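Subject: Structure for you to look at

Hello,

Here is the structure I said I would pass on. Please open it first, then read the notes below it.

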Amino acid sequence: REVLAQGRLKDFGPLLLIWGAAMVVLVQTNDLGSGLLLFGIFLAMLYVATGRALYAAGGLVLFVVGAAAIYRVVPRVESRVSNWLDPWADANGAGYQSVQSLFSIGNGGFGGTGLGRGTFTTTEGNPIIPFLNTDFIYSAIAQELGLVGSAGLLLVFMLFIARGMRVALVAGDGFSKLLAAGLTFGFALQTFIIVGGVLRVIPLTGITLPFVSYGGSSVVANFVLLAGLMLVSDRANARA
């Protein structure tokens, strides 16, 4: 930590290494979300460890430059970005999911259609929004619970994040602080990536919504995250 805080040029090596790994993930998976999540958690922990915003800002610039370069050479990534910018250009093809997701959110209005009363299948029984229970679960929530329910869910997530950061602040040692901060920021970034993708704030990715989307490994990982935060909190309270 002390070495990194000095800001020597050679200390940017770990930053470049993780950036390279994130770019490899982006190329191999054709998915912005996984690479952004990996690199974002690293940048957050780097900032917590050093207190230098320069590292985080430089890393963010590196990621944007790398993602822009990959966008130009990887057709799948270019297609995802194009669908994000204008899904209506191919509303019955590549942009179908995004368009139907937006219709679902709009159909929910302020108060929603009611829990369990959403329309997600055609009269023939085919899903209107593919992968609804994983990638687009937030669209279903917005339709059934409306703006009130979907905003309420985000407030619950924000409360979780605030408590996680509180745990990081009261942690008694450097490792516990880094662990709590990294776990909390990972949760926050994962939520932003999937909700932002559904709402077209950023390109859509295949990351699940924590504790909500269907998926065994995702649920297990989120509970491990929660257990880690509870462990750090318990140790901090024991020392108080």
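A search of the whole structure finds seven aromatic pairs. Rings of Phe, Tyr and Trp (its six-membered ring) pair if their centres lie within 6.5 Å; planes under 30 degrees apart count as stacked, over 60 as edge-to-face and the rest as tilted. This is a predicted model, in which local features need pLDDT of at least 70 and side-chain atom pairs count only at pLDDT 80 or more, while totals for chains, interfaces and linings use all residues. Residues are numbered from 1 along each chain as its sequence is written, and side-chain values use heavy atoms, with hydrogens and water left out.

Take phenylalanine 157 and phenylalanine 187: the ring centres are 5.5 Å apart and the planes stand at 75°, so the pair is edge-to-face. This pair links distant parts of the chain, with phenylalanine 157 in helix 7 and phenylalanine 187 in helix 8, 30 residues apart. (Helices, H or I and at least four residues, and strands, E and at least two, are DSSP runs numbered from the N terminus.) Phenylalanine 157 has a relative accessible area of 6% and is buried; phenylalanine 187, at 1%, is buried as well. Buried means under 20% relative accessible area, exposed over 50%, and partly exposed in between (1.4 Å probe, protein chains only).

Phenylalanine 187 also forms a tilted pair with phenylalanine 211, 6.1 Å centre to centre and with 45° between the planes. Phenylalanine 211 sits in the loop between helix 8 and helix 9, 24 residues from phenylalanine 187, and at 30% relative accessibility it counts as partly exposed. Ring pairs join Phe157, Phe160, Phe187, Phe211 and Phe223 into a cluster.

Next, the helix pair. The axes of helix 8 and helix 9 come within 10 Å and cross at roughly 145° (axes are lines fitted to C-alpha atoms, for helices over the stretch in contact, and angles run from 0 to 180 degrees between N-to-C directions). Residues of helix 8 including Leu179, Leu183 and Phe187 meet residues of helix 9 including Leu225, Leu229 and Val232; contact means heavy atoms within 4.5 Å. By class, this contact has seven nonpolar, six polar and no charged residues. Here Ala, Val, Leu, Ile, Met, Phe, Trp, Tyr, Cys and Pro count as nonpolar, Asp, Glu, Lys and Arg as charged, and the others, Gly among them, as polar.

Which elements give two or more residues to the largest nonpolar core? That core has 27 residues, and Leu132, Phe136 and Tyr138 are among those with the most contacts inside it. The elements are helix 7 (137–170), helix 8 (174–198) and helix 9 (216–239), and helix 7 gives the most, with nine residues. A nonpolar core is a set of buried Ala, Val, Leu, Ile, Met, Phe, Trp, Tyr and Cys residues joined through side-chain atoms within 4.5 Å. Another core, of 19 residues, lies apart from it, and Leu26, Tyr55, Phe63 and Ile70 are among its members.

Last, two single residues. Leucine 132 lies in the loop between helix 6 (96–108) and helix 7 and is buried, with a relative accessible area of 17%. Leaving out residues up to four places away in sequence, leucine 132 touches Phe120, Ile137 and Ala140. Isoleucine 193 lies in helix 8 and is buried at 0%.

Regards
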